[in-house]
Amino acid sequence: MNEAMLQMKPQTEWSVAQVEALFALPFSDLMYRAQTTHRNHFDPNAVQLSTLLSIKTGGCSEDCGYCPQAARYSTGVENQDLLPLSEVIAAAQAAKANGASRFCMGAAWRGPKDRDLEPVVEMVKAVKALGMETCVTLGMLRDGQAEKLKTAGLDYYNHNLDTAPEFYGEIISTREYQDRLDTLGRVRNAGINVCCGGIVGLGESRASRAGLIAQLANLDPPPESVPINMLVQVEGTPLYGAEALDPIEFVRTIAVARITMPQSFVRLSAGRQEMGEAIQALCLLAGANSIFYGEKLLTTGNPEAERDRALLDKLGMHPLV
Ligand code: SAM
Ligand code: DTB
Ligand code: SF4
C-alpha cells in the first residue's frame, strides 16, 4: 500500500490492509493526517467530558480476560447490587457541577433481565431530567430492550467490540463476536447513538489493532462515539502481567481511529492514570476529543478532575458544552 493509494479519500469502507498502512506511516505523517482530518470536522480544542458510574459492580458471569468484575477471577473488587436511584442522581448532579456533559452508567451484567431494566429506565429518566446526556453499558440486549431505553431518553449505548474478530477468542469465550454485533444492531435500530470501541494492550498484534479499527470504521454508519481503552492491568485477571503496549503505538491507534472515523468522537478512555501527561497530550493532538472525567472509571482509578482541568488548560483546550 503506497501513499498514493492512501490519498484516495474520502472513503467509507476500510480494508484491514489499508488500516495497517496507516499504522505504518512515519509518525509525523500519521499525526499530520489525523490532525487535518480532525480540524475538518471538529473544533480541535474542544474536549467532550463523560463521567462514569458503576451502578452494579462485580459478580459478572462472563470471562472477559481483562475484567476485574468477572466473578471467576479473584481481584478484590467488592460486589455491589444495583445502586438506589437517589445515589445515582446525587452522582450525576456532582458530575454536572464538575463540568461533565454526559453521564455514563455501567453494570457488570452479561445482559439485563427485563426486571433489571425497569430501575435503569428510571435512572436514565432522572439523569436526562438534570439536562445531561445519558449513556448506559449493560451488556447484551435482547429484542425490545433498546426501545425501552430509547423511550426513557437514552442518548448513547456503550457496547465494545473490544478487539479484532480473529483475536477475540483469546480474550472472551462466554459470548461471540456476532452477539456483540447483534446488540449494536438493536441499539442502532432503536435510534440510540452507538458508543463502541475496544481495548488495546491485550497482547494483540498490530494487525489485530488494525482489524479492530476496520471493524469499527466499517459499521454503517460508524459509531458516534469510539472509546479506545488501554488495558488497565488488574491483579487476579488473566491479562495481569501481559506485556505493556508501547505508548507511541497507543497514540498511533488513536490517530488511525480519527482518520478512519472522521465524524466520530474518539475517546481517550481507560488507562490515562498510567499514561502521563505527555502521552495524553499526544493522544489529544492525534484527534482524541473525549475523555472519562472524574476520579474513578468503574472499579479502577482515573486522574482527578482538577488535574484534567489543569491539563486541558495547559493545552489551551476547553470542555465541550
Ligand atoms: N458488562 C458490560 C459489557 O461488558 O458490555 C458493560 C461494562 S464493561 C466493564 C465495558 C467495557 O469496559 C468493556 O467492554 C471493556 O472494553 C472495558 N474494560 C473493562 N475492563 C477493562 C480494563 N481492565 N482495562 C480497560 N478497559 C476495560
Ligand atoms: C469503555 O469503553 N470504557 C469504560 C466504559 N466504556 C464503560 C470502562 C473502563 C473500565 C476500566 C476498568 C474498571 O474501572 O473496572
Ligand atoms: Fe462482565 Fe462486562 Fe466485565 Fe465482561 S467486561 S466480565 S461482561 S462486566
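C64 is buried, at a relative accessible area of 10%, where buried means under 20% relative accessible area, exposed over 50%, and partly exposed in between, with a 1.4 Å probe and protein chains only. C283 also counts as buried, with a relative accessibility of 0%. The structure holds zero disulfides, a disulfide being a pair of cysteine sulfur atoms within 2.5 Å. C283 is accordingly in no disulfide, and the nearest cysteine sulfur, that of C195, is 17 Å away.

Before I continue, a word on the model. It is predicted: local features need pLDDT of at least 70, side-chain atom pairs count only at pLDDT 80 or more, and totals for chains, interfaces and linings use all residues. Residues are numbered from 1 along each chain as its sequence is written, chains are lettered from A and ligands numbered from 1 in the order in which they are written, and side-chain values use heavy atoms, with hydrogens and water left out.

C64 brings us to ligand 3. Which residues surround ligand 3? They are C60, E62, C64, Y66, C67, A70, A108, W109 and R175, each with a heavy atom within 4 Å of the ligand. By class, this shell has seven nonpolar residues, no polar ones and two charged ones. Here Ala, Val, Leu, Ile, Met, Phe, Trp, Tyr, Cys and Pro count as nonpolar, Asp, Glu, Lys and Arg as charged, and the others, Gly among them, as polar.

I turn to ligand 1. A polar side-chain atom of D162 lies 2.7 Å from an oxygen atom of ligand 1. The backbone contributes as well: a polar backbone atom of Y66 is 3.1 Å from a nitrogen atom of the ligand, and one of A107 is 3.2 Å from a nitrogen atom of ligand 1. Taken alone, ligand 1 exposes 550 Å², and the protein buries 91% of that; these accessible areas come from the Shrake-Rupley method with a 1.4 Å probe.

Finally, ligand 2. The residues around ligand 2 include L52, P68, T137, N158, N160, F292, T299 and T300. How does this shell divide by class? Ligand 2 has six nonpolar, six polar and no charged residues around it. On its own ligand 2 exposes 410 Å², of which the protein buries 87%.

Technical notes
A polar contact is a pair of N or O atoms within 3.5 Å; within protein, one must be able to donate a hydrogen and the other to accept it, and residues adjacent in sequence count only if both atoms are side-chain atoms.
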